[in-house]
Amino acid sequence: MIVRNLLVLGLATLLSACGFQLRGTGTNEMGIKELNVQARDAYGTTITDLRAALERSGVQVVAGAPYTLTLTDEQEENRSATYSGSARTSEVEMTLRVDYTITGSQQRVLLDDHMDVQKIYVHDSNNLTGSDQEATRVRTEMRRELIQRMMLRLSQLTPAELQKRQAQADAKADADAAAEAEAQRIRDETPQQSPMEMPTK
């Protein structure tokens, strides 16, 4: 018994040393330490779960953070994938999609992207209650996977990367402002032609 326990402990230590983690037990190492998180539905399930996941990973979710993650849109789409011979049961493909942006100083967009997840479940027209429960279960799993993918994406954004994106956004904004100022100067210096007056009889 003691030998077996020692073997299990040794194997677990070895796997941990190799960087192995059971799915769902590890946390993403986040380079971002402060982040403002917002959405159109401020108390929706997705935004609430995302805030909780960020806080578990050591990120302070505060309104005054230098960067803001905004869930700009969240959509669910269902379409029939296959039909049975009697058309009473069918496979339904559910898609969850979240569009998001990350903005920095002066509300300039540093990242504009989306995340989506698809799963298929069986809908039985003879068992609507069971089908609805299955859809709810699948939707919960998909939202969990969506949050995991979002956390992985955010873990790839280092402070250096965000600073680089901020510098690029600032340079573009300055160039656009300079181009608009030059266009306005040309308009101001261009004589305005008076309407042609028709000779009176």
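This briefing covers salt bridges and the exposure of their partners. The model is predicted. It holds 14 salt bridges.

**A link across the chain**
- Arg108 and Asp170 form a salt bridge through their side chains, at 2.6 Å from N to O.
- Arg108 is buried, at 19% relative accessibility, because the cut-off for buried is under 20%.
- Asp170 has a relative accessible area of 24%, so Asp170 counts as partly exposed.

**A pair within helix 3**
- Glu145 and Arg149 make a salt bridge, and their closest N and O atoms are 2.7 Å apart.
- Both residues lie in helix 3 (residues 128-155), four residues apart, or about one turn of the helix.
- Glu145 is buried, with 18% relative accessible area.
- Arg149 is partly exposed, at 36%.

**A pair within helix 4**
- Arg185 and Glu189 meet in a side-chain salt bridge of 2.8 Å, N to O.
- About one helical turn separates them, because they are four residues apart in helix 4.
- Glu189 is exposed at 55% relative accessibility, since exposed means over 50%.
- Arg185 is partly exposed, at 37% relative accessibility.

Key. Residues are numbered from 1 along each chain as its sequence is written. This is a predicted model: local features need pLDDT of at least 70, side-chain atom pairs count only at pLDDT 80 or more; totals for chains, interfaces and linings use all residues. Side-chain values use heavy atoms; hydrogens and water are left out. A salt bridge is a side-chain nitrogen of Lys or Arg within 4 Å of a carboxyl oxygen of Asp or Glu. Buried means under 20% relative accessible area, exposed over 50%, partly exposed in between (1.4 Å probe, protein chains only). Helices (H or I, at least four residues) and strands (E, at least two) are DSSP runs, numbered from the N terminus.
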